[in-house]
Structures are given as C-alpha cells and as structure tokens.
Amino acid sequence: MAVRKPPITTREYWAPGHAACAGCGCAAALKLATKAFSEAMEEKYGDPNAFAIAQATGCMEVVSAVFPYTAWKAPWVHVAFENAAAAASGVEAAWKKLGRKGKILAIGGDGGTADIGMQALSGMLERRHNVVYLMYDNEAYMNTGIQRSSSTPYGAWTTTSPPGKYSIGEDKPKKWVALIAAAHQVPYVATASIGNPFDFVRKMKKAAKVDGPAFVQVHCTCPTGWKSPLEKGVEIARLAIETGVWPLFEIENGDFHNIKIQPPGGGAKVTREGGRIVAIEFKKPIEEYLKPQGRFKHLFKKPEAIDELREQIKAMWKVLGVDVTLPKPEE
Amino acid sequence: MPIRKVMKANEAAAWAAKLAKPKVVAAFPITPSTLVPEKISEFVADGELDAEFVKVESEHSAISACVGASAAGVRTFTATASQGLALMHEVLFIAAGMRLPIVIAVGNRSLSAPINIWNDWQDSISERDTGWLQFYAENNQEALDLILMAFKVAEDERVLLPAMVGFDAFILTHTVEPVEIPDQEVVDEFLGEYEPKHAYLDPARPITQGTLAFPAHYMEARYTVWQANENAKKVIDEVFAEFEKRFGRKYQKVEEYRTDDADIIFVTMGSLAGTVKEYVDHLREKGVKVGAAKVTVYRPFPTEEVKELAKKAKVLALLEKNVTFSVGGALFQDFSRALINESEKPKIVDFILGLGGRDVTFKDLDEALAIAQKALAGEEFEEVNWIGLRKEIL
C-alpha cells in the first residue's frame with residue numbers, strides 16, 4: 001500500500017503541552033515555522049537540527065518556557081522584550097566563532113518587533129547577521145491583555161483603543177514592519193499568514209536558506225484578543241488574504257520595483273504586466289473578514305469607518321505597486 | 001617576558017580583553033569608554049584578537065548581544081559608562097539571573113542630568129543590586145589586572161556571575177601610565193578555556209535558557225545569585241592569591257595603608273585612593289594619626305574585611321563619589337550595615353565629594369579631616385557631608 005509522504009516533516013521542535021490559549025494562531029505559526037526551518041537546515045547543511053532560537057518576551061515565550069518545563073526541543077534562549085534581534089546577533093556571532101553551521105531564528109510578536117524591538121531589529125538587519133527574524137503578528141499586546149500596538153489595524157478595539165463617544169477604536173493605520181525591514185535591502189523579506197500554511201512554510205524555508213538576514217511577518221489569529229471563534233482561526237486569517245486586508249508578498253534585496261505578490265484567491269481577479277501583478281479586483285468585501293471578530297463589531301454601526309479602512313488598505317497596496325478594487329458588501 | 005608600555009586605562013582594558021581572548025565583543029561608543037572598543041576593533045582588524053566584534057546600535061543591544069553570545073557558551077566582553085550602563089540596567093539583572101559570566105569595563109562617569117562626561121561612581125554604584133560582581137581600579141595596571149581576574153572569578157563554577165571593573169573617567173581612562181602587560185602564555189594558563197556546563201546553544205543537546213519562573217521557583221533562583229555572591233568572596237581570595245603567585249602583584253578586597261595605630265581611617269575607592277594615600281603621608285609627617293583603606297571589591301561586599309578594618313580606628317571617614325539621596329553614599333550604607341551589630345565600633349562619617357569630575361584636593365580632604373576630628377573628639381558632627389561645594393553659587 002502506498003503511504004503518502006507528509007507535506008512537512010513530522011519532527012517537532014515546539015512540543016505539545018505548552019500553555020497557549022485554545023485556537024491560538026501564533027502557536028500554529030511557531031509549530032510550522034520550526035518545522036520549515038528544520039527542513040531548510042536539512043536541505044542546506046544536511047542537519048535538520050542546525051538552528052537555535054532567540055525569542056522576545058511575549059505570549060509565545062511565556063506559554064512555552066515555564067520553569068521547570070519547556071516546549072522547546074531546539075536550543076532556545078529568551079532575554080527580554082525588546083532585544084530578541086540583539087540577542088540573536090550575539091548568538092550568531094558566537095556560533096560563527098564556534099565554527100557551527102546553521103542559522104539563528106529570532107522570534108518576536110508585533111509589540112516586541114514593531115514597537116519596543118524596532119531598534120534592535122534594525123541593527124540586526126543592517127549588520128547582516130545570519131538570522132531569520134519571525135514576527136508573529138496578532139496585532140496587539142496580547143500577553144499583557146490586549147493593548148494596541150503600532151501593528152493594530154485601524155478601527156480595532158483593544159483595551160487601550162476602546163471605541164466610545166469620541167473614538168472609533170484604533171485610529172491610526174497599521175504599520176507594516178515588513179516594508180521597513182525590506183528598506184534595509186536585506187536578502188529576503190516576506191509576509192505570510194497561517195491562513196495559507198503552504199505559502200508560509202515555503203517562505204520560512206526560503207528565509208532560512210538565504211545567506212544573511214531575512215524577515216518574515218506572519219499574520220496569526222488571536223481568538224482571545226480578536227474576540228473570534230476558537231475554531232475559525234485559519235479561516236479568518238484566510239479571509240484577511242482573500243479580502244485584501246493582508247497582502248502576501250516577498251521583497252528580495254530591497255527591490256521595491258520587483259515585489260513578488262502572491263495571488264490572494266477567493267475569486268479575486270488578478271491583472272499582470274510582464275509577469276508582475278499590477279492590479280487586483282477583490283470579490284469578497286472586507287466586511288467578511290471583519291464580521292466574525294468582536295474587535296471590529298462596533299464598526300458596523302459606523303460604515304464610514306469601514307470605508308476609511310478600505311481607503312487605508314488601498315493605500316497600502318499602492319505602496320506595493322498594486323491597484324486594488326475593494327468591493328462593498330451587496331446591499 | 002612581560003612588557004611594559006605607557007598607556008591609558010582604556011587601552012589597558014583593551015589589552016586585558018585581548019589577553020583574555022573573548023570570542024564575542026559587542027560594544028557601543030560612549031565617552032569616556034570609547035577607546036576600549038576602538039582599540040579592540042584594531043586588535044581584531046590586525047588579526048591580533050580572534051573575536052567577533054559586533055558593532056551594535058545601542059548599549060542595550062551591546063549587553064543583549066553579550067547575553068546571547070554568553071548563553072551560546074563563549075567568553076564575552078564589553079565596555080561602557082554612565083548613560084550606557086544605565087541603558088543596560090534591565091539586562092544586567094538578566095545576565096546575573098542567567099548566570100552568564102560576562103565582563104564589562106566601566107569608565108566610571110556621572111549620570112545625567114545635568115549631562116556631564118566626567119568622573120564619579122554613580123553609574124556602577126547604581127547597579128549594585130543587579131547581582132554583578134564589582135571591582136574598582138586605582139590605576140591603569142589595576143584596570144588590566146582586575147579585568148583578567150574578573151574573568152577568572154566570574155567563570156568559576158562556584159560563582160558564574162557577570163562582573164564589572166570600574167576605573168575613573170579621564171583620571172584613568174585618558175591618562176597614560178606605565179603598565180606591565182603579562183605574557184600571553186601565563187594568562188592562558190591562568191584563565192584557561194571557558195567551557196561552560198550550564199550555558200550553551202548546541203543543537204546536539206538542546207536546552208532552554210531564560211525561562212519564566214512562577215512564585216514557586218523565582219525566590220530560589222534569586223537565592224542562588226545570593227549564594228554565588230557569597231561563594232565569590234572565597235573565590236576572589238583564591239584568585240587574588242594565584243594572581244600574585246603568577247604575576248607578582250598583590251590584591252586585597254580591602255587594602256590598608258598605614259592603618260596601624262590610626263585614629264581616623266579614610267576609606268575610598270578607585271583613583272581617589274592614590275590621592276588619599278599621599279594625604280595620609282602628608283598628615284603622618286605632621287604627627288596626625290591617620291590611615292587609608294581602599295575598597296577594591298565592592299560586590300560581593302567585603303563584610304569581614306570591613307569588620308577587621310573597623311577594629312583599627314576610632315573614626316572611619318568615607319570618601320565617596322556617589323550619592324543615595326536623603327541617605328548618603330553607598331559605602332556609608334554598606335559600612336553601617338557591616339558594623340551595626342558589632343559590640344564595639346568606630347564612628348562613621350560620610351563625605352560626598354568629587355561628583356561630575358570635581359577635583360578632590362588636599363584642601364577638600366582638610367575639610368573632611370576637620371569633621372572627622374570632631375567625631376574623634378566626641379563632639380557633635382554631621383553624618384553626611386558634601387565636601388567642596390561652591391556655596392557662592394548655591
């Protein structure tokens with residue numbers, strides 16, 4: 001009888017028993033990321049274990065390493081909130097001197113990356129350390145109880161961006177760290193999503209295999225912070241892609257003129273010029289993504305705020321060189 | 001044969017690092033310490049030191065990279081001062097808690113505001129609760145020697161704590177003195193390779209470092225740092241003795257100078273000890289019974305040595321380039337605590353002086369002496385005294 005090869009290695013580096021919330025999208029991302037890393041190391045160096053992890057303080061850190069337990073089957077170190085990239089730089093420098101082959105994986109959430117860890121990240125990228133920085137983006141400070149970060153999207157409720165008489169919720173556009181990372185002209189930058197695990201794994205492997213620094217920003221559902229159904233994590237993340245809220249792209253060596261865009265699916269009509277995607281006509285309205293999430297519930301009483309979000313999404317796509325059409329829901 | 005060179009303390013620190021052969025150095029420029037990483041980067045550029053020099057974007061990242069490298073199992077060194085050390089503050093606790101024997105050379109400098117680049121000890125004194133070992137050098141030779149010894153003590157399995165070696169901004173960092181550079185082979189024998197059994201990031205034997213500890217375990221983790229500090233007292237004595245045997249220079253946690261039959265002993269740290277010894281000679285010539293003592297090891301605090309010192313004097317006059325507001329200097333607290341339960345103890349008078357690079361002159365020491373003599377005579381005296389203030393601008 002033919003046995004189908006599993007789509008990804010069965011080796012586990014992020015073991016069951018960690019304390020993440022039920023339905024945590026970030027936990028799924030870390031599981032896949034480490035598997036992808038292992039495959040890449042096996043293919044590049046013949047050693048599936050040739051990596052070490054330096055991780056920032058945050059949800060995925062506190063749920064995985066509670067003394068005397070650990071969920072990590074790879075060498076792992078946590079130092080503080082803002083310095084995963086700097087700690088990873090030190091680990092990489094030490095590995096170099098020890099003559100050890102492999103790559104360092106730095107992991108941080110959106111708070112630890114887009115906000116407090118921004119400087120250390122920039123330093124690590126600029127110094128060209130052989131490190132992949134994985135930003136798991138659940139779009140708020142979830143570990144401290146759902147406060148807005150600079151990666152929180154416009155309109156979202158958090159405990160520090162509550163909607164009210166004078167507030168529509170978060171009132172600033174989302175900051176796209178992947179674009180800032182790409183401006184460092186590092187070999188590889190990508191966005192990914194747990195809504196498209198195959199794409200995510202491919203990108204993590206690519207990031208792990210390039211010589212020099214890489215940055216991957218993965219969109220992860222947080223049912224606790226997003227007030228979304230536990231079982232719909234992947235589905236909601238996928239809706240973010242299909243409605244245009246979350247772009248999937250790759251930028252190599254800071255070449256903003258040749259950004260590789262992944263087609264979003266969901267019936268969207270893609271127009272290419274010379275092989276490059278220049279326009280996308282989305283078919284699913286962003287409301288389909290917003291609706292299942294309690295954090296956007298209040299926006300449905302203020303349709304102009306949803307229109308504002310649509311404009312911001314268009315502007316973001318324009319930076320990527322893509323003209324998008326975002327439909328409104330049918331009346 | 002050891003060679004003698006004329007050099008600044010910053011260069012002596014860089015030479016110490018070169019001799020200790022750290023595999024990773026991560027540093028960020030700051031006055032007055034900048035020459036240390038400059039010199040190290042030259043050693044690396046010329047192939048005289050086989051280290052990765054990580055040119056980080058802040059002191060916070062400097063110490064974070066050191067923690068990463070040390071957690072990966074290699075000998076690690078950095079240099080900083082003042083605001084730079086303050087920016088490292090958070091990570092200093094982490095380095096000690098993770099038991100990583102990183103060594104920092106600190107060019108002791110004041111803290112802002114007002115911004116001031118000159119000498120006092122407020123920067124490293126303010127880090128006294130981080131768990132780091134602290135050594136203070138009187139001169140450039142001591143800066144070199146103490147850095148070598150700091151590695152040896154820090155990496156001892158009974159200790160495994162990070163260590164900082166302080167030497168005074170400009171007075172030492174930028175002043176040339178003759179310094180003996182020991183032979184590399186002897187230093188190699190003295191220090192040995194650093195092969196940690198507790199800190200490595202090796203895929204063949206994965207371990208988790210830097211975990212979360214709940215209340216069920218946190219306190220024990222802190223207690224082990226306490227124990228390591230206690231253990232360090234004995235280890236420091238051993239390392240000082242071995243250093244003397246190999247290199248011929250004697251070090252003591254508390255070094256005494258003409259303390260026999262002294263009524264008043266001036267106690268200080270760093271380069272001020274040189275000035276004070278000369279002042280003692282000057283007074284002894286006039287028949288005034290004074291002595292001096294220099295605290296070389298500040299953390300772990302040399303309680304036993306201080307108790308012994310206290311038996312020799314009727315008054316201890318502490319000369320301190322730091323302040324804990326509304327209390328006095330750090331030495332004042334530590335000496336008071338060391339002696340509080342002794343049945344017989346000297347009077348302690350505290351003097352805050354030389355902050356932000358203010359020169360400490362014999363005239364200032366005369367002012368301190370006059371107050372110490374009041375205490376000696378059983379008269380009323382101020383416990384904490386600011387010396388050398390310009391009263392006309394206050």
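**Close-up views of a two-chain predicted model**

**Figure 1. The two domains of chain B.** The centres of domain 1 of chain B and domain 2 of chain B, taken over C-alpha atoms, are separated by 28 Å. The model shown here and in the other figures is predicted. Domain 1 covers residues 3-247 of chain B, and domain 2 covers residues 254-393. Where the two touch, 29 residues come from domain 1 of chain B and 19 residues from domain 2 of chain B.

**Figure 2. The side of domain 1 of chain B that touches domain 2 of chain B.** Two or more residues of this side come from each of helix H5 (122-125), strand S6 (133-136), strand S7 (163-168) and helix H8 (215-247) of chain B. H8(B) gives the most, with five residues. Sorted by class, this side of domain 1 of chain B has 14 nonpolar, nine polar and six charged residues.

**Figure 3. The contact between chain A and chain B.** On chain A, 38 residues are in contact with 37 residues of chain B. Four elements of chain A each supply at least two residues of the side that touches chain B: strand S1 (51-55), strand S2 (76-78), helix H3 (84-98) and helix H5 (118-126). The most comes from H3(A), with twelve residues. The side of chain A that touches chain B is made up of 24 nonpolar, ten polar and four charged residues.

**Figure 4. A strand pair across the two chains.** S2(A) is joined by two bridges to strand S9 (residues 208-209) of chain B, and the two strands run parallel. Opposite Val77(A) stands Gln209(B), a residue of S9(B).

**Figure 5. The largest nonpolar core.** This core has 249 residues. Those with the most contacts inside it are Val91(A), Ala13(B), Ile147(B), Ala150(B), Val165(B) and Ala317(B). Helix H1 (residues 25-45) of chain A gives the largest share of the core, eleven residues. Both domain 1 (3-247) and domain 2 (254-393) of chain B give residues to the core, so it lies between them. In soluble globular proteins, nonpolar side chains tend to be buried together.

**Figure 6. The surroundings of Ala317(B).** Ala317(B) is among the residues with the most contacts inside the largest nonpolar core. Leaving out residues up to four places away in sequence, Ala317(B) touches Ile264(B), Phe266(B), Val267(B), Val349(B), Phe351(B), Ala368(B) and Ala372(B).

**Figure 7. Gly192(B) in its loop.** Gly192(B) is found in the loop of chain B between helix H7 (184-191) and S9. Gly192(B) lies 91 residues from Leu283(B) in sequence and 45 Å from Leu283(B) in space, C-alpha to C-alpha.

**Figure 8. Chain A by itself.** Chain A has eleven helices and 13 strands. Its radius of gyration is 19 Å, close to the 20 Å that the globule rule gives for 331 residues, so chain A is as compact as a globular protein of that length. The C-alpha trace of chain A spans about 60 × 50 × 50 Å along its principal axes. Of the 331 residues in chain A, 56% are buried. Among contacts in chain A between residues at least 6 apart in sequence, those that join residues at least 24 apart make up 68%.

Conventions. Residues numbered from 1 in each chain as written. Chains lettered and ligands numbered in written order. Predicted model: local features only at pLDDT ≥ 70, side-chain atom pairs only at ≥ 80, totals over all residues. Contact = placed C-beta atoms within 7 Å. Nonpolar A, V, L, I, M, F, W, Y, C, P; charged D, E, K, R; others polar. Pairing = 2+ DSSP bridges. Core = buried A, V, L, I, M, F, W, Y, C linked by C-beta atoms within 7 Å. Buried ≥ 20, exposed ≤ 12 C-beta atoms within 10 Å, placed from the backbone. Domains from an automatic or database assignment. Rg over C-alpha atoms; globule rule 2.2 N^0.38 Å.
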